[in-house]
Amino acid sequence: MSEVLKGRAWVFGDDVDTDLIYHNKYLAETDPKNMPQYSFEYYPGKEGFAKGVKPGDFVVAGKNFGCGSSREHAVYCLKEAGVPVILAETCSRIYYRNAINNAYPVLFVKGISDAIKAGKLNDGDELEVSLSAGEIKNATNGETFHGDAVSDLEKDIMSAGGLIPYLKSHKK
Amino acid sequence: MGKTMIMKIMDRASGRDVRIGERVWCNIDLSTARDFGGANCCLQFDEITDKQGKVWDPDKIAFTFDLQAPSHSEKVSNNQKIIREFAKKQGIKHVFDINWGIGQHVMLEHGLVKPGDVILGTDSHMNLLGAVAAFATGVGNTDIAASWIGGINWFRVPETLKVEVTGEFRRGVYMRDFLTLFVGEMGAGGLDFLSVEFSGNVIERSSLAERITLCSMVTEMSGKIGLILPNGRVLDWLAERVKSAGGSEEDVRARVKAITPDEDAPYFKTLRYDVSDLEPMVSCPDAPDNVKKVSEVAGAEVDQVHIGSCTNGRLDDIAAAFEVLKAGGFKVSPKVRTIITPSTREVMAKCAAAGYIEKFLNAGVVFTNPTCSLCTAEHYGAMPSGDVGCSTTNRNFIGKVGKGSHTYLMSPASAMATAVRGVITDPRELLR
Amino acid sequence: MGKTFAEKALGKAAGHEVSANEVVTVEPDFCMSHDNTGPISRTFKKIGVKKVWKPERLVVILDHGVPAPSSDHAVNHKEAREFMAEQGAPNFYDVSSDGGVCHQKFPEEGFALPGLVVIGSDSHTCTYGAFGAFATGIGRSEMAAAWATGQIWFKVPESMKINVRGKFKKGVSPKDFILKVMGDVKSDGADYMSVEFHGSGIDEMSVAGRMTLCNLGIEMGAKNAVCKPDRKVLDYIKGREKASNWEPLWADADAAYTKELNYDLGDIVPGIAKPHTVDNYAAIDEVKGTKINQAFLGSCTNGRMEDLREAAAILKGKRAAVRTIVIPASWNVYREAMRDGTLDTLLDAGCIVCNSGCGPCLGAHMGTLAPGEACVSTANRNFKGRMGDKDSFIYLASPYTVAASALKGELSDPREAL
């Protein structure tokens, strides 16, 4: 797969916790399709995300994205909104599992936290992302970044379509 | 080369000789869900199996209701109902309904947790069960539903950080204060994916409540698990609980032996702390790792004080708050709303028997039923914009308990001292 | 021709003799509001008046969602808090262990006094009729206007007289009686009227029992409901009085009534108001065996000490089969129940004892219902969706019946459990 994804960036800082991504106020919701409307409602300055995000837009964040709660809502709300991949320096453990289990890609990108702080990635920048090559280009200013490769098991789960389909076909 | 505690736990659970960094499939000893996330697990399981499937082992599944107990909304009520019906259909008997309290604590009290167990739950603070050397971890609903199919799930074998805590707490200083210091030093991502082993004389002497406090906030540093080897009265208590649940006391003791880390275990790093000079500490708004001494923020105005949660809602915690209230003349400041939430029904009953509840009520404190309460904006003690709270919970992200509100995290003693004076107060001022 | 209670009470407030159907303007003695104080204060500010006419006449008791179960509730509380402070209004009962459900706290604090005119921005304000007050619920806008002007107009109501004699049999209590009356009178049968309870049956009833009767006045459409302020009432208010202009008033023997009803308490059996109206009465025999998912013991109707004791008498030494939520009507009730062991009995029976407040009665928190679920409740309303999902079911009953039903997981006759 050498497809290059193109879309706008929504840029966040370090330690974006699950309450900022998807607030505990809406935990009773069980249908993933209803979740995007609450995305980033509590993130100061990003209250307009839910209304403004378009399918194909990227979520770009610094270190430890998705820290806090185990709520899978925080993955569903972005996946259902059509955000194709999360680009972050690192991602919290539970958030990462939840993403992989739903075949939702998270690309770990070295140096992206500092790049955000230095203003090299801004809201609205046009990005070109190659998932297979792990390459990210900021078409707005020409900056490029490289993502980490994922381990074989995670890759297998992803390509099976998530943990459930993976288990159905591999483990009995 | 020897093995750390988490490696030995994963050896047992995977039936392999595990190595750091590899992904292994582990057998799950207990796969639990709450009224938060639990409904999704049930719906997802039914969807995968076309409503025909049976869970792999109904005795290894437990449900706990604590997000909203009793429920505060139709949606949560419906989620609770979905769980009750699923449990009934599947013959799952470990259902701790709204009258029990915070899940991990209730399961611990009911003897469902053993050293060396691998436990999943829809709660990012599941890992407080590391207080009895279980590897318990918060996961999403997909992980839980998947585990119900075949009783397995995958984990990466983590590196281990060793933390030795020695010395002696001074009066008015508690495990929570050490924890707050530790969170401040590590930072929100400081234990990323790591297992932590806590040891040293402070840990060996510590109560179950203190161990729970310490292990519960490993999540706030992005750690995988904090483990403490059960010993002394904690081990006796645990063995007794497992036995009354129909388990074997000998098995508990044998498991402790089996997961004791080797002398030459590979630690990624060892950190040493002496708590003898420690002062009461506080996590300032709006992050757990924004740490200062209580004395540095003393005098700051607060609107609400909340004591409880899975981190500091045990009898010892409430007793510590009681001591401070007593020293303060059994009256809280009328400027501050003070709320206490015990972690479980057992804790509540003990508070009643000790005469605490009546004294709290007479002092102007609201004493609630056991539940998660103050950890979300949808339960007791939600705050309006602009209000400042003091809390013994584990997270103070911006707006966590109400948009535009801010929270200081601290020990139960510091929180009660603050309730008595109406401004942030070092508990030693009252206790001396 | 003699005067009814309403004619006497409103006449006293107006300063001249009045008769039914006359319109009078009076100054309220107390204005009660709860968590809706914030919204009322917003309307008040729109009127353009800065100060409440008499701040000491406001009584604000937070109870509908305490401690705040959501940030929206919390914002309302904050508004109330700030408004009371800026008005210098002293009678504010914030979230603390001094609080409770407003209709329990208001009498406990000595605001419910014979002969006073009390208005409240809550429909169950009529509860204070148990103390011989003329007490009635009004809307938020009208409350804002009353704060601004110190005036409220009433059409002096016509009156209904309910004569009560006899004694309850074992396992039967005032709630069963008033549910029976509801079934007879129907939900509009006392529209705009003043309902007076007379007779030896009332004289022998406790003040708490009379509160249960008056509390349901609004469910018949009444403007107010009232019992004679006798020795029991005078004993209760002694030392609590928050006003000095009170005066025991009662109807003359030859007063004129639009309607008169007669009951013997000895004929009353345990009763149920079936979904979804309070007047949908059934004797327990007709509905026995209906499955329930939850039991609720509490509210301004039946959350008092004697209610908890009645339930405890049935639950003692046994286990509830369904989740059973107990909410004492005030923190004073909570304390007393703790002291005399009632709470222990309830906890041992598997009940969940919550902090004092309105709880699930109006579906705000502490036990809302899921679709298809049924609850047996001691509260006062069983409207569709009142306690949660629109497809849930509420059966109203006495504390005895709620406890007996909790034991079996189905509507049950308490006389068999006692």
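Two residues are taken to be in contact if their C-beta atoms, placed from the backbone, lie within 7 Å. The views below show a predicted model.

**Figure 1. Overall form of chain C, with its 16 helices and 18 strands.** The C-alpha trace of chain C extends over about 55 × 50 × 40 Å along its principal axes. Because a compact globule of 418 residues would have a radius of gyration near 22 Å, the 20 Å found for chain C agrees with that form. Of the 418 residues in chain C, 62% are buried. When contacts in chain C between residues at least 6 apart in sequence are considered, 78% of them join residues at least 24 apart.

**Figure 2. The two parts of chain C, domain 1 (5-263) and domain 2 (272-417).** The centres of domain 1 of chain C and domain 2 of chain C, taken over C-alpha atoms, are separated by 24 Å. Contacts between the domains involve 33 residues of domain 1 of chain C and 33 residues of domain 2 of chain C.

**Figure 3. The side of domain 1 of chain C that touches domain 2 of chain C.** Helix 4 (102-108), helix 6 (174-185) and helix 8 (207-215) of chain C are the elements that each give two or more residues to this side. Helix 6 of chain C provides the largest share, six residues. By class, this side of domain 1 of chain C comprises seven nonpolar, 16 polar and 10 charged residues.

**Figure 4. Close-up of helix 6 of chain C, an element of 12 residues.** From its first C-alpha to its last, helix 6 of chain C reaches 16 Å, close to the 16 Å expected at 1.5 Å a residue. The helix is mostly covered, with 11 of its 12 residues buried. Among the buried residues of helix 6 of chain C are C:P174, C:F177, C:I178, C:L179, C:V181, C:M182 and C:V185. C:K175, C:D176, C:K180 and C:G183 are also buried in this helix.

Definitions and conventions:
Residues numbered from 1 in each chain as written. Chains lettered and ligands numbered in written order. Predicted model: local features only at pLDDT ≥ 70, side-chain atom pairs only at ≥ 80, totals over all residues. Helix = DSSP H or I, 4+ residues; strand = E, 2+ residues; numbered from the N terminus. Rg over C-alpha atoms; globule rule 2.2 N^0.38 Å. Buried ≥ 20, exposed ≤ 12 C-beta atoms within 10 Å, placed from the backbone. Domains from an automatic or database assignment. Nonpolar A, V, L, I, M, F, W, Y, C, P; charged D, E, K, R; others polar. Expected span 1.5 Å × (residues − 1).
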